[in-house]
Amino acid sequence: MSLLPQAFTTFTSDISTISLPKKFTFPFQYEPHQLSIIAATETQNHIESYSDLDHNFGIDDTKKGLIIGKMFGVLVVKANDGSLGYLKAFSGKLGNENHHSGFVPPVFDMLTQQSYFLKEEEVLNAINSKIEKIETNHSFIHLKLEIDRFRTHSEQLIINKKAQLKQLKLERKEIREQNKTALSVADFKILEDDLVKQSLRDKHELKVFIEEIEQQLQNLIVEKDIFDAELKSLKNERKEKSNALQNYLFNQYQFLNKNKNNKGLIDIFKDTALGRPPAAAGDCAAPKLLQYAFQHNLEPICMAEFWWGASPKSEIRKHKQFYPSCTGKCEPILGFMLEGIELDENPLLQNPATHKNYEIIYQDNDMVVVNKPEDMLSVPGINIQDSVYTRIKKDFPNAEGPIIVHRLDMATSGILILALNKKAHKNLQQQFIKHTIEKRYEALLDGEIETKEGFVDLPLRVDLDDRPRQMVCYEYGKSARTKYEVIEIKDGKTRIHFWPITGRTHQLRMHASHSLGLNCAIVGDDLYGKKSSRLCLHAAYIKFEHPITKKELEFTVAASF
């Protein structure tokens, strides 16, 4: 019997009656195979009993330190001797360490004692200390404050001086007017010459006054420039060393695939939109698992990733819940690593609305209102062209203009307004922009919430590492506000009405799921909750002004869930 690799874990559960999947897991959208679920459960038991693990996941009140939940992964594999087992991994580090008993090692260990990374990190830390020392230097801080104060004070002095000279100018004008007829031509010329001299004297005085102020300011700036020059030099040095270190790390990450081909991070990402790897690329669980499998001639059978611990404040992650691999960091890497392996079909390439159609609930010469079924696109997508837009174009061949006024997520059902001419489109679009259109959604939440009504106000932006997921971001996110009211709680589920005050991507789904929102995902939300037969979110009501007749219209369509 061959010696199995150290990280190979034999199932403790009876798996003798479970059939192997015919294809490997498509990692970016999947339902975990039964073997993956068992491997994940056993891994979770291992984490709970791992007493040497010094890491606070946020689920044990006795643990101290920064709370950091983690993504874990399991990869069911077959050894050369036919043995079936699994590998387990975590993303990033655990307890500031890369190596833990029973888990696969990183693709590249930057934390090896006396490693180039640690030595360069010390250099960067020393530069950061120098920068901090300058930025907190009392003289430097005092100079910056003094310059700001001097600028403000001198600006006021110049304003006052100009006002004074303006008053003198007015007085000279008045003297001219008074003496124009009172004096002889000769005497008036003498007076005029004297007034001109006064004017030139005032202008010179103002010029000298401003130059003296500017010189005083420049003296202060020269003192500050000494600090600034040193700061700039240190920051440039830090940037150069940081970029060099990042490129060094990227070059150390070399990935294998089934055919034992090797490819580095820089080559993998050079043809992507970013053109270079994002930070921490290669440290996720999935690449670690596949790398170890290929290094030890283990055949990948299926895989799954799950979250362990408290959710981050920005993202939505539920304890023990399965999640797909991230698109930003992992998609290019896994695209290479899984070459030559037959995968499950990519659900994003399939059109679930092939045998569905919208229901027309109102139409006239200017517009049409439809009840869009779930899983039908509002507009053509990257991979699927079929949509409400393309079907409207076919069903209404004389329609002009953009047609689409607003959109519903593919998975969301309900009322959609479409314009049949440019004039109607422009008017309807303005109503949406001015928020004069009233909309109400109905949803079924996967749990019970305590508050009966209220507002959720969480700013949102796209997760750049995991599109199309959204995340809460108070720095760069756009304002997103939702009013809600609970309608019924039954069988552990909450039926709720949503009134979106803003219209951000995935707003209702995020506000329902996020721990700072209602903390209760919509039933069937495969992005922020658990997959089901459908997303139970429906655009049930809308009220607006007819774009041409100006008559008030309102429509209600009951949800089918």
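A salt bridge is here a side-chain nitrogen of Lys or Arg within 4 Å of a carboxyl oxygen of Asp or Glu. The model is predicted, and by this rule the count comes to 23 salt bridges.

**Salt bridges**

One of these salt bridges joins Glu135 and Lys235, with the closest N and O atoms 3.4 Å apart. Because Glu135 belongs to helix 2 (residues 116–135) and Lys235 to helix 4, this pair ties together parts that are 100 residues apart in sequence. Glu135 is partly exposed, its relative accessible area being 36%. Lys235 likewise counts as partly exposed, at 35% relative accessibility.

Arg509 takes part in two of the pairs described here. In one, the side chain of Arg509 meets that of Asp525 at 2.8 Å, N to O.

Asp526 is partly exposed, having a relative accessible area of 31%.

Elsewhere, salt bridges that share partners bring Glu315, Arg317, Asp466 and Arg469 together in one network.

| Salt bridge | N to O distance |
|---|---|
| Glu135 and Lys235 | 3.4 Å |
| Arg509 and Asp525 | 2.8 Å |

**Overall form**

The chain contains ten helices and 18 strands. Its radius of gyration is 34 Å, whereas the globule rule gives 24 Å for 561 residues; the value is well over that figure, so the chain is more spread out than a compact globule. Along the principal axes, the C-alpha atoms fill a box of roughly 125 × 75 × 45 Å. Of the 561 residues in the chain, 45% are buried.

**A buried loop residue**

Asp366 is placed in the loop between strand 8 (359–363) and strand 9 (367–372). Is this residue, Asp366, buried or exposed? With a relative accessible area of 17%, Asp366 is buried, because the cut-off for that class is under 20%. Asp366 and Ile548 are 182 residues apart in sequence, yet their C-alpha atoms are 7.6 Å apart in space.

**A positive surface patch**

Which residues form the positive surface patch? The patch is made up of Lys166, Lys169, Lys173 and Lys203. Helix 3 (residues 138–179) supplies the largest share of the patch, three residues. Lys203 is found in helix 4 (residues 185–252). Lys203 has a relative accessible area of 57% and is therefore exposed, as the cut-off for that class is over 50%. Helix 4 thus holds both Lys203, a member of the patch, and Lys235, the salt-bridge partner of Glu135.

Key. Residues numbered from 1 in each chain as written. Predicted model: local features only at pLDDT ≥ 70, side-chain atom pairs only at ≥ 80, totals over all residues. Heavy atoms only, no water. Patch = residues over 30% accessible without salt bridge, like charges linked within 9 Å, V, L, I, M, F, W, Y side chains within 5 Å. Areas by Shrake-Rupley, 256 points an atom, 1.4 Å probe, with all protein chains shown as cover. Lys, Arg positive; Asp, Glu negative; His and termini not counted. Charge placed at Lys NZ, Arg CZ, Asp CG, Glu CD. Helix = DSSP H or I, 4+ residues; strand = E, 2+ residues; numbered from the N terminus. Buried < 20%, exposed > 50% of the residue type's maximum accessible area, 1.4 Å probe, protein only. Rg over C-alpha atoms; globule rule 2.2 N^0.38 Å.
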